[in-house]
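Here is a short report on one protein model. Keep the sequence and the 3D view open while you read.

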Amino acid sequence: MSPAERPLSPHLQVYRWQLTSVMSILHRATGIALSLGTILLVWWLGAASDGPEPYAGMQRFLGSWIGLVLLFGWSLALFYHLCNGIRHLLWDTGRGLELKSVYTGGWTVLAATLVLTIVAWAAGVSSWIR
């Protein structure tokens, strides 16, 4: 077969996205996001160890709109990565590998991610109000 006759791989413009592929990509992306978000955590801990002024500055940053967006994104990534990781552990036991179970598990992971994120933020907001 000459190089001109070889089939081309599908690219993003013609590829039909599937829940399984999107969740796989998201699992990797949230792992990266969690790694980057850990920098924010270390920064916060460093500010706490540096004294009241640096800590207050960090708290102001985290309370700003950009800080809240970063914290929300980090918590969303945390819960998604956690739930999808549990799903992968279940797969490692040989369970849930049928196509219907894979899709049911995928939608369950997405729902659990939203519920856990909302519950965590609602609990946080209610503690701020007190």
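This is a predicted model: local features need pLDDT of at least 70, side-chain atom pairs count only at pLDDT 80 or more; totals for chains, interfaces and linings use all residues.

Two packed helices are described by the angle between their axes and the distance between the axes.

Start with helix H1, which spans residues 19-50. Helix H1 packs against H2 at an angle of about 145 degrees. Their axes are 7 Å apart. Which residues of H1 and H2 meet? From H1 come Leu40, Trp43, Trp44, Ala47, Ala48 and Asp50. From H2 come Pro54, Tyr55, Met58, Gln59, Phe61 and Leu62. The residues of this contact of H1 with H2 divide into 10 nonpolar, one polar and one charged.

Now follow H2, residues 52-63, to H3. The axes of H2 and H3 come within 4 Å. They cross at roughly 75 degrees. An angle from 65 to 115 degrees counts as roughly perpendicular, so H2 and H3 are roughly perpendicular to each other. H2 brings Phe61, Leu62 and Gly63 to the contact. H3 brings Trp65, Ile66, Gly67, Leu68, Leu70 and Leu71. In the contact of H2 with H3, seven residues are nonpolar, two are polar and none is charged.

Phe61 and Leu62 of H2 are named in the contact with H1, and also in the contact with H3.

## The largest pocket

Next, look for the largest pocket. Its volume is about 210 Å³. Which residues line the largest pocket? The lining is made of Leu71, Trp74, Ser75, Leu78, Phe79, Ala120, Trp121, Gly124, Val125 and Trp128. H3 and helix H4 (99-129) are the elements that give two or more residues to this lining. Eight of the lining residues are nonpolar, two are polar and none is charged. Leu71 of H3 belongs to the contact with H2, and Leu71 also lines the pocket.

## Single residues

Is Asn84 buried or exposed? Asn84 is buried, because its relative accessible area is 1%, and buried means under 20%. Asn84 sits in helix H3, residues 65-92. Leaving aside neighbours within four places in sequence, Asn84 is in contact with Met23, His27 and Val109.

Leu36 in helix H1 has a relative accessibility of 54%. Exposed means over 50%, so Leu36 counts as exposed.

Ala56 lies in helix H2 and has a relative accessible area of 31%. Val115 is found in helix H4, with 48% relative accessibility. Ser101 is also placed in helix H4, and its relative accessibility is 30%.

How far apart are some of these residues from others along the chain? The table gives C-alpha to C-alpha distances.

| Residue pair | Residues apart in sequence | C-alpha distance |
|---|---|---|
| Ala56 and Trp44 | 12 residues | 10.0 Å |
| Ser101 and Leu90 | 11 residues | 11 Å |
| Leu36 and Leu62 | 26 residues | 15 Å |
| Val115 and Glu5 | 110 residues | 50 Å |

Notes: Residues are numbered from 1 along each chain as its sequence is written. Side-chain values use heavy atoms; hydrogens and water are left out. Buried means under 20% relative accessible area, exposed over 50%, partly exposed in between (1.4 Å probe, protein chains only). Contact means heavy atoms within 4.5 Å. On a 1 Å grid over the protein atoms alone, a cavity is a set of points where a 1.4 Å probe fits but cannot get out, and a pocket is an open set with protein on both sides within 12 Å along at least five of seven lines; lining residues have an atom within 4 Å of a point. Grid points are joined across faces, edges and corners, and a volume is the space filled by probe spheres set on the points. Ala, Val, Leu, Ile, Met, Phe, Trp, Tyr, Cys and Pro count as nonpolar, Asp, Glu, Lys and Arg as charged, and the others, Gly among them, as polar. Axes are lines fitted to C-alpha atoms, for helices over the stretch in contact, and angles run from 0 to 180 degrees between N-to-C directions. Angles under 35 degrees count as roughly parallel, over 145 as roughly antiparallel, 65 to 115 as roughly perpendicular and the rest as oblique.
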